[in-house]
Amino acid sequence: MYKKRQKGWIKHADFLLLDLLCMCITFYLGYAARHGLDIRSGPWVIYWRLLGILAAVDLCVALFRESYKSIVRRGYFEEIKQTVVHCAIVDVILLIYMFLVKETENYSRESLLVFCVLQIACVYIARCLRKYQLRVRMKQSTDVEQMLVVVDGQHAKRCLKELTRDLYQNYRVIGAMRLEDGVGEENVEEEQERERQKEAEERAEEEPERAAEREAAAAFAETVPRACTMEQLSEYLLNHVVDSVFIDAEMPEEKQDKLVNLLVESGVTVHISLIHVPHGLKTKSVERIGNYVVLTTGMRLVTLKQIVLKRLLDIAGGLFGCLITVLAAILFAPIIYVQSPGPIFFTQNRVGKNGRIFKIYKFRSMYPDAEEQKQELLSENKMNGLMFKMQNDPRILPIGKFLRKYSIDELPQFFNVLKGDMSLVGTRPPTVEEFEQYELHHRGRLNARPGITGLWQVSGRSDITDFEEVVEMDTQYIENWTIAGDIRILGRTVLKVFSGDGM
């Protein structure tokens with residue numbers, strides 16, 4: 001039987017439990033620094049309750065920000081950075097909780113300070129030791145999956161380097177069975193030269209630690225022995241421990257079917273390389289579409305958990321925002337109507353995710369004929385590109401300047417958020433007119449659901465006059481999107497709104 005490789009956070013449950021253990025130990029040491037080692041006396045009861053809350057916060061932060069993603073492959077510098085950020089977030093949330101429930105005076109500042117410092121050191125050391133242990137175990141354990149590689153002459157060197165470059169792999173390449181594919185020696189040399197150039201470029205961008213790992217993998221790949229020929233395969237399987245066979249070779253379909261059936265019938269697990277994944281793909285996932293197994297890639301691939309969390313955040317923020325919108329309408333609707341009789345709300349077709357059209361809602365901050373006047377004011381546009389913006393726009397109502405300064409005109413968009421047309425955080429939805437002038441690379445910014453606020457809005461919007469820079473920032477937001485990033489943007493948005501910078 002073959003144990004499927006674990007996916008998601010559960011495969012790093014050991015690091016999660018290790019962090020919790022370190023937290024408990026350092027929390028006790030922090031307590032002991034102020035109150036002594038004996039927990040039978042002193043205020044240990046209230047500290048015990050705080051420890052339980054701390055453990056819950058640590059678990060939520062770990063799952064929420066995906067603290068253990070690629071943890072075994074992180075270098076020492078990256079690990080210390082991730083450890084400090086993780087522990088700092090946990091400690092700040094704990095302090096906020098203590099402040100809100102008015103319990104800060106019940107706990108020693110000395111104890112908490114000692115705990116915070118020791119926690120970072122202990123978690124970092126424990127993580128590094130655990131990764132070292134995993135590395136040693138994978139090298140020495142006889143239970144590691146013993147893998148035979150079947151390759152053709154053209155792909156042999158590249159394939160073996162790819163399979164051996166990961167020092168934390170849960171398999172061991174024991175040999176290679178090379179197939180004759182009729183490729184000339186010159187073509188093989190050209191392929192090898194291209195591989196050497198690519199590796200040189202990648203080494204120049206890597207940390208010294210990762211570069212050393214790559215060199216070690218390349219050296220090991222050179223030592224992988226030739227196991228057998230196709231005719232000797234049956235005998236080889238009978239005389240060696242072989243758990244699995246990895247096939248990366250071009251061969252006739254009939255020949256491949258025969259080989260795979262032979263291996264499966266002999267009790268060997270077979271891994272078939274469907275495609276060689278380019279190094280430049282930042283996100284990728286293997287999926288099933290119809291009867292096809294496909295490799296899926298895009299600007300940003302997200303999990304169901306991330307989608308649900310983002311939608312829950314949108315619903316919570318949307319409900320609160322709609323309440324504020326109703327209160328604002330009671331106050332500003334009469335003023336808008338007196339200054340310019342007509343509808344209180346402004347609706348306009350906008351372009352949403354991947355070109356979907358929806359109606360956006362705003363408090364009307366301009367005169368009713370603003371769209372007609374826009375054609376006469378195009379020469380005043382201060383944006384270099386497809387967006388329109390000008391100083392002292394004469395189409396804006398007197399109250400409209402105030403509404404825009406504090407982004408009050410944007411409040412009705414919370415109804416768009418509840419409908420699902422928009423998100424709290426995303427990219428700015430273009431008008432249909434702007435979208436019709438887009439070039440292909442501009443379309444990338446529509447890969448995410450548009451938002452009320454976004455990275456561009458909180459990064460000095462009024463100082464950015466180049467549309468290409470807006471596209472670059474929106475693309476950057478999509479490629480690096482996280483829930484924690486959205487929360488940071490929301491926090492910066494609130495600060496900018498109350499400072500009067502607008503949205």
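Guide: Let's start with a word we'll need: a residue counts as buried when its relative accessible area is under 20%, and as exposed when that area is over 50%, with partly exposed in between. Keep in mind that this is a predicted model.

Visitor: With that in hand, is Asn-416 buried or exposed?

Guide: Asn-416 sits in helix α13, which spans residues 413-419. The cut-off for buried is under 20%. Asn-416 has a relative accessibility of 0%, so the word for it is buried.

Visitor: How many bridges join β7 to β8?

Guide: Strand β7 covers residues 345-351 and strand β8 covers residues 357-363, and the two run antiparallel. The number of bridges joining the two strands is 7.

Visitor: Which residue in the hairpin of β7 and β8 takes a positive phi?

Guide: Look at the stretch between the strands, which has 5 residues. The phi in question is near 55 degrees, and the residue that takes it is Asn-354.

Visitor: Now for the whole chain. What share of the residues count as buried?

Guide: The chain has 16 helices and 10 strands. Its accessible surface comes to about 28500 Å², with 59% of that belonging to carbon and sulfur atoms. Of its 503 residues, the share that count as buried is 41%.

Visitor: In what order do the strands of the open sheet of 4 strands come?

Guide: Start at the edges: β2 (171-179) and β4 (269-272) each have a single partner strand, so one side of each is left without a neighbour in the sheet. On average, neighbouring strands of this sheet are turned by 25 degrees against each other, direction ignored. The pairing is parallel, and the order is β2-β1-β3-β4.

Visitor: Which residue in β2 does Val-150 stand opposite?

Guide: Strand β1, residues 145-152, runs parallel to β2, and 8 bridges join the two. Follow β2 to find the residue opposite Val-150: Met-177.

Visitor: Which helix lies across β1, β3 and β4?

Guide: Strand β3 spans 244-248. The helix covers residues 253-265 and runs at about 150 degrees to β4. Its name is α9.

Visitor: How many aromatic pairs are there?

Guide: Two rings of Phe, Tyr or Trp make a pair if their centres lie within 6.5 Å. By this rule the count of aromatic pairs is 9.

Visitor: What kind of aromatic pair do Tyr-31 and Tyr-47 form?

Guide: The centres of these two rings are 5.0 Å apart, with 70 degrees between the planes. Planes over 60 degrees apart count as edge-to-face. The pair formed by Tyr-31 and Tyr-47 is therefore edge-to-face.

Visitor: How many residues apart in sequence are the parts that this pair of Tyr-31 and Tyr-47 ties together?

Guide: Tyr-31 lies in helix α1 (residues 13-35), while Tyr-47 lies in helix α2 (residues 44-64). Tyr-31 is buried at 0% relative accessible area, and Tyr-47 is buried at 1%. The parts tied together by the pair are apart in sequence by 16 residues.

Visitor: And what about Phe-332 and Phe-402: what is the word for their pair?

Guide: Their ring centres are 6.0 Å apart and their planes meet at 35 degrees, so the pair is tilted.

Visitor: At what angle do α10 and α12 pack?

Guide: Phe-332 belongs to helix α10 (residues 304-339) and Phe-402 to helix α12 (residues 398-405). The axes of α10 and α12 are 9 Å apart, and the packing angle is about 140 degrees.

Visitor: How many nonpolar residues does the contact of α10 with α12 have?

Guide: From α10 come Phe-332, Ile-335, Ile-336 and Gln-339, and from α12 come Pro-398, Ile-399, Phe-402 and Leu-403. The contact has 1 polar residue and no charged ones, and its nonpolar count is 7.

Key: Residues numbered from 1 in each chain as written. Predicted model: local features only at pLDDT ≥ 70, side-chain atom pairs only at ≥ 80, totals over all residues. Heavy atoms only, no water. Pairing = 2+ DSSP bridges. Phe/Tyr/Trp six-rings, centres within 6.5 Å; stacked < 30°, edge-to-face > 60°. Buried < 20%, exposed > 50% of the residue type's maximum accessible area, 1.4 Å probe, protein only. Axes fitted to C-alpha atoms, helices over the stretch in contact; angles between N-to-C directions. Contact = heavy atoms within 4.5 Å. Nonpolar A, V, L, I, M, F, W, Y, C, P; charged D, E, K, R; others polar. Areas by Shrake-Rupley, 256 points an atom, 1.4 Å probe, with all protein chains shown as cover.
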